[in-house]
Amino acid sequence: MAFISVADELTKKGSTIIENKFITKYLPVLESRALKVYLFALYACQNGLNSYTPQDFATKLEMSEDDVLSCFEYLEELELASIISHSPLEVKILDADNVYGTPKKLKPEKYSAFASAVQSVITGRMISTNEFMEYYYLLDEYSFEQNALLMIISYCVNLKGNDIRYQYIKKVAKSFADEGITTAKKVEEKLSSYTSSTPALSKIFAAIGVARKPDPDDNALYEKWTNELGFSDDAIICAAKHFKAKSGEKIDEALKELYKNRKFDVKEIEDYSKAKTSLYACATEIAKSLGVYMQNASPYVENYVCVWRDYGFEGDTLKIIADYCFMQGKNSFEAMNDFVLSLYEEGIITEKAVSERLTAIAADDKTIKNILKTCGMTRKIIDPDRQYLKRWKSWDFSDDMLIKAAETAQGKSNPLAYMNAVLSSWKTQGITAPDGIAQSGEAFGGESKKAIIERHYYDLRAEAAKRAEKMQAKAMKDEQYSLAKKKLNTLSIQLAFAEVSDEELAKKISDEIAVLEKQADERLVALGISKADLLPRYKCEKCKDTGYDSHGKQCECLQKFIRINKL
(Lines give C-alpha, C1' and ligand atoms only; values in the text may rest on other atoms or scores of the structure.)
Protein backbone atom coordinates (compact mmCIF):
# COMPACT_ATOMS: atom_id res chain seq x y z
CA MET A 1 0.00 0.00 0.00
CA ALA A 2 1.25 3.50 -0.80
CA PHE A 3 2.98 5.49 1.95
CA ILE A 4 0.67 8.44 1.37
CA SER A 5 -2.83 8.52 -0.10
CA VAL A 6 -5.52 11.19 -0.41
CA ALA A 7 -9.07 10.91 0.87
CA ASP A 8 -11.78 11.32 -1.72
CA GLU A 9 -13.25 14.19 0.24
CA LEU A 10 -9.96 16.08 0.02
CA THR A 11 -9.76 15.85 -3.75
CA LYS A 12 -13.11 17.62 -3.97
CA LYS A 13 -11.93 20.63 -1.99
CA GLY A 14 -9.92 23.69 -3.00
CA SER A 15 -6.19 23.32 -3.52
CA THR A 16 -2.97 25.28 -3.99
CA ILE A 17 -0.58 24.13 -6.73
CA ILE A 18 3.09 23.74 -5.82
CA GLU A 19 5.75 22.89 -8.40
CA ASN A 20 7.29 19.44 -8.06
CA LYS A 21 10.71 21.01 -8.59
CA PHE A 22 10.15 23.20 -5.54
CA ILE A 23 9.35 20.17 -3.40
CA THR A 24 12.28 18.09 -4.60
CA LYS A 25 14.94 20.80 -4.69
CA TYR A 26 13.99 23.59 -2.27
CA LEU A 27 11.79 22.10 0.42
CA PRO A 28 14.69 20.19 2.04
CA VAL A 29 16.90 23.29 2.44
CA LEU A 30 14.49 26.22 2.75
CA GLU A 31 14.29 27.94 6.14
CA SER A 32 11.04 27.14 7.97
CA ARG A 33 9.84 30.75 8.19
CA ALA A 34 10.59 31.40 4.50
CA LEU A 35 8.76 28.18 3.65
CA LYS A 36 5.66 29.37 5.54
CA VAL A 37 5.73 32.72 3.69
CA TYR A 38 6.26 31.07 0.30
CA LEU A 39 3.39 28.59 0.73
CA PHE A 40 1.01 31.23 2.10
CA ALA A 41 1.93 33.55 -0.79
CA LEU A 42 1.09 30.80 -3.29
CA TYR A 43 -2.19 30.21 -1.50
CA ALA A 44 -3.07 33.93 -1.59
CA CYS A 45 -2.18 34.29 -5.27
CA GLN A 46 -4.03 31.21 -6.48
CA ASN A 47 -7.16 31.85 -4.46
CA GLY A 48 -7.71 35.49 -5.34
CA LEU A 49 -6.81 37.03 -1.98
CA ASN A 50 -5.61 40.21 -3.68
CA SER A 51 -6.58 42.46 -0.78
CA TYR A 52 -4.11 40.84 1.64
CA THR A 53 -1.51 43.25 3.07
CA PRO A 54 1.90 42.51 4.67
CA GLN A 55 0.17 43.05 8.03
CA ASP A 56 -2.41 40.36 7.12
CA PHE A 57 0.46 38.02 6.26
CA ALA A 58 2.18 38.73 9.54
CA THR A 59 -1.03 38.20 11.53
CA LYS A 60 -1.95 34.96 9.79
CA LEU A 61 1.55 33.50 10.14
CA GLU A 62 2.12 34.89 13.65
CA MET A 63 5.19 36.80 12.48
CA SER A 64 6.22 40.46 12.44
CA GLU A 65 6.03 42.50 9.23
CA ASP A 66 9.83 42.83 9.27
CA ASP A 67 10.08 39.03 9.43
CA VAL A 68 7.74 38.74 6.42
CA LEU A 69 9.85 41.22 4.46
CA SER A 70 13.05 39.44 5.46
CA CYS A 71 11.62 36.14 4.22
CA PHE A 72 10.61 37.66 0.89
CA GLU A 73 14.15 39.09 0.53
CA TYR A 74 15.51 35.63 1.25
CA LEU A 75 13.18 34.12 -1.38
CA GLU A 76 14.28 36.83 -3.80
CA GLU A 77 17.92 35.93 -3.27
CA LEU A 78 17.01 32.31 -4.07
CA GLU A 79 15.18 33.67 -7.15
CA LEU A 80 11.88 32.18 -6.02
CA ALA A 81 10.35 35.66 -5.66
CA SER A 82 10.93 39.17 -6.95
CA ILE A 83 10.32 42.29 -4.86
CA ILE A 84 8.90 44.78 -7.35
CA SER A 85 8.35 47.56 -4.81
CA HIS A 86 9.24 48.05 -1.15
CA SER A 87 6.82 50.91 -0.45
CA PRO A 88 4.16 49.75 -0.82
CA LEU A 89 5.43 46.18 -0.68
CA GLU A 90 4.73 44.38 -3.97
CA VAL A 91 6.07 40.87 -4.59
CA LYS A 92 5.89 38.50 -7.57
CA ILE A 93 6.27 34.74 -6.96
CA LEU A 94 8.53 33.17 -9.62
CA ASP A 95 8.71 29.64 -10.92
CA ALA A 96 11.33 27.34 -9.47
CA ASP A 97 13.19 27.11 -12.78
CA ASN A 98 14.45 30.68 -12.32
CA VAL A 99 17.15 29.63 -9.88
CA TYR A 100 20.65 28.87 -11.12
CA GLY A 101 22.33 25.69 -10.00
CA THR A 102 21.03 23.26 -7.42
CA PRO A 103 20.26 24.23 -3.80
CA LYS A 104 22.50 22.37 -1.41
CA LYS A 105 22.48 21.95 2.33
CA LEU A 106 25.31 24.20 3.37
CA LYS A 107 27.26 24.07 6.61
CA PRO A 108 27.79 27.64 7.87
CA GLU A 109 30.49 26.56 10.37
CA LYS A 110 32.63 25.59 7.37
CA TYR A 111 32.80 29.27 6.33
CA SER A 112 33.14 31.01 9.72
CA ALA A 113 36.48 32.66 8.83
CA PHE A 114 35.12 33.72 5.45
CA ALA A 115 32.02 35.21 7.12
CA SER A 116 34.16 37.33 9.43
CA ALA A 117 36.18 38.56 6.45
CA VAL A 118 33.04 39.52 4.50
CA GLN A 119 31.64 41.44 7.50
CA SER A 120 34.95 43.33 7.78
CA VAL A 121 34.57 44.38 4.10
CA ILE A 122 30.90 45.39 4.35
CA THR A 123 31.19 47.60 7.42
CA GLY A 124 28.14 49.79 6.96
CA ARG A 125 25.57 47.23 8.10
CA MET A 126 25.19 43.84 9.72
CA ILE A 127 24.98 41.04 7.18
CA SER A 128 21.90 38.84 7.59
CA THR A 129 22.01 35.07 7.89
CA ASN A 130 20.20 34.76 4.57
CA GLU A 131 22.81 36.91 2.84
CA PHE A 132 25.66 34.85 4.31
CA MET A 133 23.92 31.70 3.08
CA GLU A 134 23.91 33.09 -0.43
CA TYR A 135 27.66 33.83 -0.28
CA TYR A 136 28.19 30.27 0.89
CA TYR A 137 26.04 29.08 -1.98
CA LEU A 138 28.25 30.96 -4.47
CA LEU A 139 31.37 29.37 -2.98
CA ASP A 140 29.90 25.90 -3.08
CA GLU A 141 27.98 26.01 -6.37
CA TYR A 142 30.55 27.85 -8.51
CA SER A 143 33.69 26.55 -6.77
CA PHE A 144 34.96 30.03 -5.95
CA GLU A 145 38.07 30.23 -3.84
CA GLN A 146 37.19 32.14 -0.68
CA ASN A 147 39.82 34.81 -1.36
CA ALA A 148 38.54 35.14 -4.92
CA LEU A 149 34.98 35.87 -3.79
CA LEU A 150 36.28 38.23 -1.10
CA MET A 151 38.17 40.20 -3.76
CA ILE A 152 34.99 40.46 -5.84
CA ILE A 153 32.95 41.61 -2.83
CA SER A 154 35.62 44.17 -1.92
CA TYR A 155 35.67 45.47 -5.50
CA CYS A 156 31.87 45.85 -5.53
CA VAL A 157 31.85 47.65 -2.17
CA ASN A 158 34.56 50.07 -3.32
CA LEU A 159 32.52 50.70 -6.43
CA LYS A 160 29.03 51.02 -4.95
CA GLY A 161 29.61 51.76 -1.26
CA ASN A 162 28.55 50.01 1.95
CA ASP A 163 24.86 50.20 1.10
CA ILE A 164 25.41 47.81 -1.80
CA ARG A 165 22.70 45.18 -2.21
CA TYR A 166 23.55 41.52 -2.39
CA GLN A 167 21.95 41.10 -5.82
CA TYR A 168 24.64 43.28 -7.43
CA ILE A 169 27.47 41.27 -5.85
CA LYS A 170 25.82 38.05 -7.02
CA LYS A 171 25.48 39.40 -10.56
CA VAL A 172 29.16 40.37 -10.74
CA ALA A 173 30.28 37.08 -9.18
CA LYS A 174 28.23 35.05 -11.67
CA SER A 175 29.67 37.02 -14.58
CA PHE A 176 33.16 36.09 -13.36
CA ALA A 177 32.12 32.46 -12.96
CA ASP A 178 30.68 32.41 -16.49
CA GLU A 179 34.17 33.28 -17.76
CA GLY A 180 35.72 30.57 -15.58
CA ILE A 181 37.30 33.16 -13.27
CA THR A 182 36.94 31.59 -9.83
CA THR A 183 40.50 31.53 -8.43
CA ALA A 184 42.13 34.41 -6.59
CA LYS A 185 44.85 34.69 -9.26
CA LYS A 186 42.36 34.94 -12.13
CA VAL A 187 40.15 37.37 -10.24
CA GLU A 188 43.18 39.56 -9.51
CA GLU A 189 44.11 39.57 -13.20
CA LYS A 190 40.55 40.45 -14.19
CA LEU A 191 40.30 43.24 -11.62
CA SER A 192 43.69 44.53 -12.75
CA SER A 193 42.33 44.90 -16.28
CA TYR A 194 39.35 46.77 -14.83
CA THR A 195 41.70 48.97 -12.85
CA SER A 196 43.80 49.76 -15.91
CA SER A 197 40.73 50.87 -17.88
CA THR A 198 39.05 52.71 -15.02
CA PRO A 199 41.05 55.97 -15.41
CA ALA A 200 40.16 56.10 -19.12
CA LEU A 201 36.49 55.41 -18.38
CA SER A 202 36.49 57.95 -15.56
CA LYS A 203 37.90 60.52 -17.98
CA ILE A 204 35.20 59.68 -20.53
CA PHE A 205 32.44 59.87 -17.91
CA ALA A 206 33.75 63.19 -16.59
CA ALA A 207 33.89 64.64 -20.11
CA ILE A 208 30.24 63.79 -20.80
CA GLY A 209 28.94 64.70 -17.33
CA VAL A 210 28.36 61.23 -15.83
CA ALA A 211 29.02 61.35 -12.07
CA ARG A 212 29.01 57.65 -11.16
CA LYS A 213 32.01 55.34 -11.14
CA PRO A 214 32.54 52.87 -14.00
CA ASP A 215 31.32 49.35 -13.22
CA PRO A 216 32.19 45.93 -14.72
CA ASP A 217 29.58 46.34 -17.46
CA ASP A 218 31.20 49.63 -18.47
CA ASN A 219 34.62 47.97 -18.49
CA ALA A 220 33.33 45.22 -20.77
CA LEU A 221 31.93 47.82 -23.15
CA TYR A 222 35.16 49.81 -23.05
CA GLU A 223 37.14 46.74 -24.06
CA LYS A 224 34.73 46.27 -26.96
CA TRP A 225 35.01 49.91 -28.06
CA THR A 226 38.81 50.00 -28.00
CA ASN A 227 39.83 46.47 -28.91
CA GLU A 228 37.00 45.17 -31.11
CA LEU A 229 35.76 48.39 -32.76
CA GLY A 230 39.06 50.27 -32.67
CA PHE A 231 38.01 53.65 -31.23
CA SER A 232 40.41 55.88 -29.29
CA ASP A 233 39.42 57.53 -26.01
CA ASP A 234 39.18 60.94 -27.71
CA ALA A 235 36.95 59.45 -30.41
CA ILE A 236 34.70 57.87 -27.77
CA ILE A 237 34.36 61.20 -25.95
CA CYS A 238 33.66 63.00 -29.22
CA ALA A 239 30.98 60.47 -30.16
CA ALA A 240 29.35 60.61 -26.72
CA LYS A 241 29.16 64.42 -26.83
CA HIS A 242 27.77 64.66 -30.36
CA PHE A 243 25.25 61.85 -29.81
CA LYS A 244 24.37 63.20 -26.33
CA ALA A 245 25.01 59.73 -24.87
CA LYS A 246 24.92 59.62 -21.07
CA SER A 247 25.26 55.89 -20.43
CA GLY A 248 27.44 53.01 -21.56
CA GLU A 249 24.55 51.55 -23.56
CA LYS A 250 23.90 54.84 -25.40
CA ILE A 251 27.60 55.32 -26.14
CA ASP A 252 27.69 51.77 -27.46
CA GLU A 253 24.79 52.50 -29.81
CA ALA A 254 26.54 55.63 -31.10
CA LEU A 255 29.83 53.84 -31.68
CA LYS A 256 28.13 50.95 -33.49
CA GLU A 257 26.52 53.47 -35.87
CA LEU A 258 29.87 55.16 -36.46
CA TYR A 259 31.58 51.81 -36.96
CA LYS A 260 28.95 50.83 -39.52
CA ASN A 261 29.61 54.06 -41.42
CA ARG A 262 33.41 53.71 -41.07
CA LYS A 263 33.86 56.89 -39.02
CA PHE A 264 36.69 56.43 -36.50
CA ASP A 265 38.72 59.64 -36.34
CA VAL A 266 37.58 62.62 -34.24
CA LYS A 267 37.35 64.81 -37.37
CA GLU A 268 35.36 62.13 -39.20
CA ILE A 269 32.98 61.80 -36.26
CA GLU A 270 32.51 65.56 -36.02
CA ASP A 271 31.82 65.86 -39.75
CA TYR A 272 29.43 62.89 -39.65
CA SER A 273 27.58 64.32 -36.65
CA LYS A 274 27.27 67.75 -38.26
CA ALA A 275 25.98 66.15 -41.45
CA LYS A 276 23.52 64.07 -39.45
CA THR A 277 22.33 67.16 -37.58
CA SER A 278 21.95 68.88 -40.93
CA LEU A 279 19.88 65.96 -42.25
CA TYR A 280 17.52 66.14 -39.27
CA ALA A 281 17.22 69.92 -39.65
CA CYS A 282 16.51 69.42 -43.37
CA ALA A 283 13.82 66.82 -42.59
CA THR A 284 12.21 69.24 -40.13
CA GLU A 285 12.11 72.05 -42.73
CA ILE A 286 10.66 69.74 -45.37
CA ALA A 287 8.02 68.50 -42.93
CA LYS A 288 7.02 72.10 -42.16
CA SER A 289 6.68 72.88 -45.87
CA LEU A 290 4.62 69.73 -46.51
CA GLY A 291 2.50 70.22 -43.39
CA VAL A 292 3.60 66.84 -42.02
CA TYR A 293 3.92 66.11 -38.28
CA MET A 294 6.95 63.95 -37.42
CA GLN A 295 6.77 62.25 -34.05
CA ASN A 296 10.08 60.54 -34.80
CA ALA A 297 12.25 62.06 -37.53
CA SER A 298 14.61 59.07 -37.88
CA PRO A 299 12.52 57.05 -40.40
CA TYR A 300 12.02 60.15 -42.58
CA VAL A 301 15.73 60.94 -42.51
CA GLU A 302 16.79 57.37 -43.26
CA ASN A 303 14.22 56.53 -45.96
CA TYR A 304 13.91 59.89 -47.71
CA VAL A 305 16.25 62.77 -46.83
CA CYS A 306 19.43 60.66 -46.76
CA VAL A 307 18.52 59.12 -50.10
CA TRP A 308 17.74 62.50 -51.68
CA ARG A 309 20.99 63.99 -50.43
CA ASP A 310 22.89 60.99 -51.78
CA TYR A 311 21.32 61.71 -55.17
CA GLY A 312 22.90 65.19 -55.00
CA PHE A 313 19.94 67.37 -53.93
CA GLU A 314 20.93 70.14 -51.49
CA GLY A 315 18.79 71.12 -48.51
CA ASP A 316 17.65 74.44 -50.03
CA THR A 317 16.68 72.67 -53.25
CA LEU A 318 14.61 70.10 -51.35
CA LYS A 319 12.87 72.95 -49.50
CA ILE A 320 11.87 74.49 -52.85
CA ILE A 321 10.57 71.11 -54.05
CA ALA A 322 8.63 70.61 -50.80
CA ASP A 323 6.94 74.02 -51.19
CA TYR A 324 5.92 73.10 -54.74
CA CYS A 325 4.62 69.67 -53.70
CA PHE A 326 2.47 71.23 -50.97
CA MET A 327 0.89 73.61 -53.50
CA GLN A 328 0.18 70.64 -55.79
CA GLY A 329 -1.49 68.61 -53.03
CA LYS A 330 1.44 66.21 -52.81
CA ASN A 331 1.78 66.91 -49.10
CA SER A 332 3.60 63.80 -47.86
CA PHE A 333 7.18 62.55 -47.96
CA GLU A 334 6.02 59.61 -50.06
CA ALA A 335 4.38 61.82 -52.71
CA MET A 336 7.35 64.19 -52.72
CA ASN A 337 9.65 61.21 -53.21
CA ASP A 338 7.89 60.31 -56.47
CA PHE A 339 8.45 63.85 -57.78
CA VAL A 340 12.09 63.95 -56.61
CA LEU A 341 12.75 60.64 -58.39
CA SER A 342 11.21 61.98 -61.61
CA LEU A 343 13.53 65.00 -61.45
CA TYR A 344 16.52 62.82 -60.67
CA GLU A 345 15.85 60.51 -63.61
CA GLU A 346 15.90 63.56 -65.89
CA GLY A 347 19.17 64.79 -64.38
CA ILE A 348 17.53 67.81 -62.76
CA ILE A 349 19.31 68.12 -59.42
CA THR A 350 20.83 71.56 -58.82
CA GLU A 351 18.82 74.41 -57.33
CA LYS A 352 19.03 76.35 -60.61
CA ALA A 353 17.86 73.39 -62.71
CA VAL A 354 15.00 72.63 -60.32
CA SER A 355 13.87 76.27 -60.21
CA GLU A 356 13.90 76.43 -64.01
CA ARG A 357 11.88 73.21 -64.24
CA LEU A 358 9.29 74.42 -61.71
CA THR A 359 9.01 77.72 -63.60
CA ALA A 360 8.46 75.79 -66.83
CA ILE A 361 5.88 73.56 -65.14
CA ALA A 362 4.04 76.65 -63.88
CA ALA A 363 3.98 78.11 -67.41
CA ASP A 364 2.78 74.80 -68.87
CA ASP A 365 0.06 74.54 -66.24
CA LYS A 366 -1.15 78.00 -67.18
CA THR A 367 -1.40 76.89 -70.82
CA ILE A 368 -3.20 73.68 -69.85
CA LYS A 369 -5.65 75.65 -67.72
CA ASN A 370 -6.54 77.83 -70.72
CA ILE A 371 -6.92 74.72 -72.91
CA LEU A 372 -9.24 73.02 -70.41
CA LYS A 373 -11.29 76.20 -70.07
CA THR A 374 -11.62 76.47 -73.87
CA CYS A 375 -12.68 72.81 -74.04
CA GLY A 376 -15.39 73.59 -71.48
CA MET A 377 -13.80 71.76 -68.53
CA THR A 378 -13.30 73.13 -65.01
CA ARG A 379 -11.46 70.24 -63.35
CA LYS A 380 -7.98 70.33 -61.84
CA ILE A 381 -4.88 69.65 -63.91
CA ILE A 382 -3.68 66.03 -63.84
CA ASP A 383 -0.46 64.42 -65.06
CA PRO A 384 -1.96 63.04 -68.32
CA ASP A 385 -2.76 66.66 -69.25
CA ARG A 386 0.92 67.51 -68.94
CA GLN A 387 1.85 64.49 -71.07
CA TYR A 388 -0.51 65.70 -73.81
CA LEU A 389 1.01 69.18 -73.73
CA LYS A 390 4.53 67.78 -73.87
CA ARG A 391 3.63 65.76 -76.98
CA TRP A 392 1.93 68.69 -78.70
CA LYS A 393 4.87 70.98 -78.06
CA SER A 394 7.19 68.35 -79.50
CA TRP A 395 5.06 68.69 -82.67
CA ASP A 396 5.99 72.42 -82.68
CA PHE A 397 2.45 73.74 -82.16
CA SER A 398 2.14 77.22 -80.68
CA ASP A 399 -0.25 78.10 -77.87
CA ASP A 400 -2.53 79.79 -80.43
CA MET A 401 -2.80 76.58 -82.43
CA LEU A 402 -3.51 74.60 -79.26
CA ILE A 403 -6.36 76.93 -78.37
CA LYS A 404 -7.75 76.57 -81.93
CA ALA A 405 -7.67 72.79 -81.53
CA ALA A 406 -9.33 73.13 -78.13
CA GLU A 407 -12.16 75.09 -79.75
CA THR A 408 -12.85 72.14 -82.07
CA ALA A 409 -13.03 69.82 -79.05
CA GLN A 410 -15.82 71.65 -77.22
CA GLY A 411 -18.67 69.30 -76.33
CA LYS A 412 -16.75 66.14 -77.21
CA SER A 413 -16.89 63.17 -74.81
CA ASN A 414 -13.09 63.12 -74.53
CA PRO A 415 -11.92 66.62 -75.49
CA LEU A 416 -8.18 66.11 -75.10
CA ALA A 417 -8.19 62.85 -77.08
CA TYR A 418 -10.17 64.66 -79.79
CA MET A 419 -7.62 67.52 -79.72
CA ASN A 420 -4.82 65.01 -80.08
CA ALA A 421 -6.42 63.54 -83.22
CA VAL A 422 -7.03 67.00 -84.73
CA LEU A 423 -3.47 68.16 -84.02
CA SER A 424 -2.10 64.91 -85.43
CA SER A 425 -4.06 65.55 -88.63
CA TRP A 426 -2.76 69.13 -88.85
CA LYS A 427 0.78 67.91 -88.29
CA THR A 428 0.44 65.40 -91.13
CA GLN A 429 -0.86 68.15 -93.43
CA GLY A 430 1.90 70.54 -92.36
CA ILE A 431 -0.57 73.03 -90.90
CA THR A 432 1.29 75.12 -88.31
CA ALA A 433 -0.68 78.41 -88.33
CA PRO A 434 -4.39 79.30 -88.02
CA ASP A 435 -4.60 80.53 -91.62
CA GLY A 436 -3.44 77.11 -92.80
CA ILE A 437 -6.52 75.58 -91.21
CA ALA A 438 -8.81 77.79 -93.27
CA GLN A 439 -6.88 77.11 -96.48
CA SER A 440 -7.12 73.35 -95.95
CA GLY A 441 -10.89 73.61 -96.06
CA GLU A 442 -11.20 71.52 -92.90
CA ALA A 443 -13.72 73.00 -90.52
CA PHE A 444 -12.72 73.30 -86.88
CA GLY A 445 -15.54 70.99 -85.93
CA GLY A 446 -14.88 68.43 -88.66
CA GLU A 447 -12.52 65.47 -88.70
CA SER A 448 -10.39 64.05 -91.44
CA LYS A 449 -10.30 60.32 -92.11
CA LYS A 450 -6.86 60.14 -90.46
CA ALA A 451 -8.07 62.07 -87.39
CA ILE A 452 -11.03 59.72 -86.95
CA ILE A 453 -8.79 56.66 -87.14
CA GLU A 454 -6.19 58.12 -84.77
CA ARG A 455 -8.84 59.13 -82.22
CA HIS A 456 -10.41 55.67 -82.41
CA TYR A 457 -7.15 53.92 -81.71
CA TYR A 458 -6.14 56.46 -79.10
CA ASP A 459 -9.38 55.75 -77.25
CA LEU A 460 -8.71 52.01 -77.42
CA ARG A 461 -5.20 52.41 -76.01
CA ALA A 462 -6.44 54.82 -73.35
CA GLU A 463 -9.11 52.34 -72.27
CA ALA A 464 -6.53 49.53 -72.03
CA ALA A 465 -4.16 51.75 -70.08
CA LYS A 466 -6.97 52.86 -67.77
CA ARG A 467 -7.82 49.24 -66.93
CA ALA A 468 -4.17 48.50 -66.17
CA GLU A 469 -3.84 51.64 -64.04
CA LYS A 470 -6.95 50.66 -62.10
CA MET A 471 -5.48 47.23 -61.30
CA GLN A 472 -2.15 48.84 -60.45
CA ALA A 473 -3.92 51.22 -58.05
CA LYS A 474 -5.74 48.28 -56.47
CA ALA A 475 -2.45 46.47 -55.92
CA MET A 476 -0.76 49.57 -54.53
CA LYS A 477 -3.48 49.92 -51.90
CA ASP A 478 -2.04 46.78 -50.32
CA GLU A 479 0.62 47.86 -47.83
CA GLN A 480 2.95 44.90 -48.42
CA TYR A 481 2.91 45.16 -52.21
CA SER A 482 3.21 48.96 -52.14
CA LEU A 483 6.22 48.81 -49.83
CA ALA A 484 7.93 46.21 -52.03
CA LYS A 485 7.39 48.29 -55.20
CA LYS A 486 8.73 51.46 -53.58
CA LYS A 487 11.82 49.63 -52.39
CA LEU A 488 12.28 48.22 -55.90
CA ASN A 489 12.15 51.72 -57.41
CA THR A 490 14.80 52.96 -54.98
CA LEU A 491 17.02 49.90 -55.46
CA SER A 492 16.81 50.22 -59.26
CA ILE A 493 18.31 53.68 -59.07
CA GLN A 494 20.97 52.54 -56.62
CA LEU A 495 21.81 49.64 -58.95
CA ALA A 496 22.45 52.05 -61.82
CA PHE A 497 25.11 53.79 -59.75
CA ALA A 498 26.59 50.58 -58.36
CA GLU A 499 26.99 48.98 -61.80
CA VAL A 500 29.38 51.79 -62.68
CA SER A 501 31.40 52.01 -59.46
CA ASP A 502 31.04 48.88 -57.33
CA GLU A 503 30.54 45.46 -58.92
CA GLU A 504 30.18 43.68 -55.56
CA LEU A 505 27.53 46.14 -54.35
CA ALA A 506 25.71 45.84 -57.69
CA LYS A 507 25.53 42.06 -57.23
CA LYS A 508 24.16 42.53 -53.71
CA ILE A 509 21.51 45.01 -54.89
CA SER A 510 20.55 42.71 -57.79
CA ASP A 511 20.00 39.88 -55.32
CA GLU A 512 17.84 42.14 -53.15
CA ILE A 513 15.81 43.15 -56.21
CA ALA A 514 15.27 39.50 -57.16
CA VAL A 515 14.00 38.71 -53.64
CA LEU A 516 11.70 41.75 -53.60
CA GLU A 517 10.31 40.97 -57.06
CA LYS A 518 9.49 37.45 -55.92
CA GLN A 519 7.79 38.81 -52.79
CA ALA A 520 5.79 41.30 -54.90
CA ASP A 521 4.69 38.55 -57.32
CA GLU A 522 3.63 36.31 -54.42
CA ARG A 523 1.66 39.16 -52.91
CA LEU A 524 -0.13 39.76 -56.22
CA VAL A 525 -1.20 36.12 -56.27
CA ALA A 526 -2.55 36.49 -52.73
CA LEU A 527 -4.52 39.55 -53.86
CA GLY A 528 -6.01 37.66 -56.81
CA ILE A 529 -4.16 39.82 -59.36
CA SER A 530 -1.96 38.51 -62.16
CA LYS A 531 1.06 40.38 -63.51
CA ALA A 532 -0.74 40.54 -66.86
CA ASP A 533 -3.53 42.54 -65.18
CA LEU A 534 -1.01 45.31 -64.50
CA LEU A 535 -0.26 45.67 -68.23
CA PRO A 536 -2.60 47.13 -70.88
CA ARG A 537 -4.82 44.44 -72.45
CA TYR A 538 -5.33 45.64 -76.00
CA LYS A 539 -8.40 44.85 -78.03
CA CYS A 540 -6.09 43.79 -80.85
CA GLU A 541 -2.91 42.14 -79.63
CA LYS A 542 -1.45 42.03 -83.16
CA CYS A 543 -1.08 45.79 -83.49
CA LYS A 544 -1.40 46.75 -79.81
CA ASP A 545 -4.32 49.03 -80.77
CA THR A 546 -2.21 51.16 -83.12
CA GLY A 547 -3.84 50.04 -86.40
CA TYR A 548 -0.50 49.01 -87.91
CA ASP A 549 1.61 45.88 -87.61
CA SER A 550 5.37 45.77 -86.91
CA HIS A 551 6.09 46.29 -90.64
CA GLY A 552 3.99 49.45 -90.83
CA LYS A 553 1.17 47.78 -92.78
CA GLN A 554 -2.51 48.22 -91.98
CA CYS A 555 -3.73 45.70 -89.43
CA GLU A 556 -6.82 43.59 -90.10
CA CYS A 557 -8.63 45.47 -87.32
CA LEU A 558 -7.94 48.82 -89.05
CA GLN A 559 -9.20 47.51 -92.40
CA LYS A 560 -12.36 46.30 -90.69
CA PHE A 561 -12.84 49.67 -88.95
CA ILE A 562 -12.49 51.50 -92.25
CA ARG A 563 -15.07 49.21 -93.93
CA ILE A 564 -17.60 49.48 -91.12
CA ASN A 565 -17.31 53.28 -90.87
CA LYS A 566 -17.09 53.76 -94.67
CA LEU A 567 -13.93 55.85 -94.45
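Reader: In which helix does T367 lie?
Author: The model discussed here is predicted. In this model, the segment covering residues 351–375 contains T367. That segment is helix 18.

Reader: Is T367 buried or exposed?
Author: The relative accessible area of T367 is 12%. The limit for burial is under 20%. Because its value is 12%, T367 counts as buried.

Reader: With which residues is T367 in contact, leaving aside its neighbours within four places in sequence?
Author: T367 belongs to helix 18. Once neighbours within four places in sequence are set aside, the partners of T367 are L389, D399 and L402.

Reader: Where is D396 found, and what is its phi?
Author: D396 is placed in the loop between helix 19 (383–394) and helix 20 (399–408). D396 is not a glycine, yet its phi is positive, at about 70 degrees.

Reader: Does D396 count as buried or exposed?
Author: The relative accessibility of D396 is 63%. A residue is exposed when this value is over 50%. D396 therefore counts as exposed.

Reader: Which loop holds S143, and what is the phi of S143?
Author: S143 sits in the loop between helix 7 and helix 8. At 53% relative accessibility, S143 counts as exposed. Although S143 is not a glycine, it has a positive phi of about 60 degrees.

Reader: Which residues does F144 touch, not counting residues up to four places away in sequence?
Author: F144 is one of the residues that touch the most other members of the largest nonpolar core. With residues up to four places away in sequence not counted, F144 touches L138, L139, L149, I152, A173, F176, A177, I181 and T182.

Reader: How many residues are in the largest nonpolar core, and which touch the most other members?
Author: The largest nonpolar core has 35 residues. The members that touch the most others within this core are F114, V118, Y135, F144, I153 and F176.

Reader: Which helix gives the largest share of this core?
Author: At least two residues of this core come from each of helix 6 (112–121), helix 7 (129–142), helix 8 (146–160), helix 9 (166–178) and helix 10 (184–208). The largest share is nine residues, and the helix that supplies them is helix 8.

Reader: What separates the C-alpha atoms of V121 and I153?
Author: V121 has its place in helix 6 and is partly exposed, with a relative accessible area of 23%. Leaving aside its neighbours within four places in sequence, V121 is in contact with I153, S154, V157 and N162. V121 and I153 are 32 residues apart along the chain, and their C-alpha atoms are separated by 7.6 Å.

Reader: How far apart in space are T198 and D218, C-alpha to C-alpha?
Author: T198 is placed in helix 10 and counts as partly exposed at 26% relative accessibility. Not counting residues up to four places away in sequence, T198 touches P214 and N219. T198 and D218 are 20 residues apart in sequence, and their C-alpha to C-alpha distance is 9.1 Å.

Reader: With which residues is S482 in contact, leaving aside its neighbours within four places in sequence?
Author: S482 is found in helix 24, residues 479–501. S482 is buried, with a relative accessible area of 8%. Leaving aside neighbours within four places in sequence, the contacts of S482 are E334 and M476.

Reader: What radius of gyration does the chain have, against that of a compact globule of 567 residues?
Author: The chain has 26 helices and two strands, and its C-alpha atoms fill a box of roughly 125 × 70 × 45 Å along the principal axes. A compact globule of 567 residues would have a radius of gyration near 24 Å, whereas the chain has 40 Å.

Reader: How far apart do the centres of the positive and negative side chains lie?
Author: The chain carries 79 positive and 85 negative side chains. The centres of these two sets lie apart by 7 Å.

Definitions and conventions. Residues are numbered from 1 along each chain as its sequence is written. This is a predicted model: local features need pLDDT of at least 70, side-chain atom pairs count only at pLDDT 80 or more; totals for chains, interfaces and linings use all residues. Side-chain values use heavy atoms; hydrogens and water are left out. Helices (H or I, at least four residues) and strands (E, at least two) are DSSP runs, numbered from the N terminus. The radius of gyration is taken over C-alpha atoms; the globule rule is 2.2 Å times the number of residues to the power 0.38. Lys and Arg count as positive and Asp and Glu as negative; His and the chain ends are not counted. The place of a charge is taken as NZ of Lys, CZ of Arg, CG of Asp or CD of Glu. A nonpolar core is a set of buried Ala, Val, Leu, Ile, Met, Phe, Trp, Tyr and Cys residues joined through side-chain atoms within 4.5 Å. Buried means under 20% relative accessible area, exposed over 50%, partly exposed in between (1.4 Å probe, protein chains only). Contact means heavy atoms within 4.5 Å.
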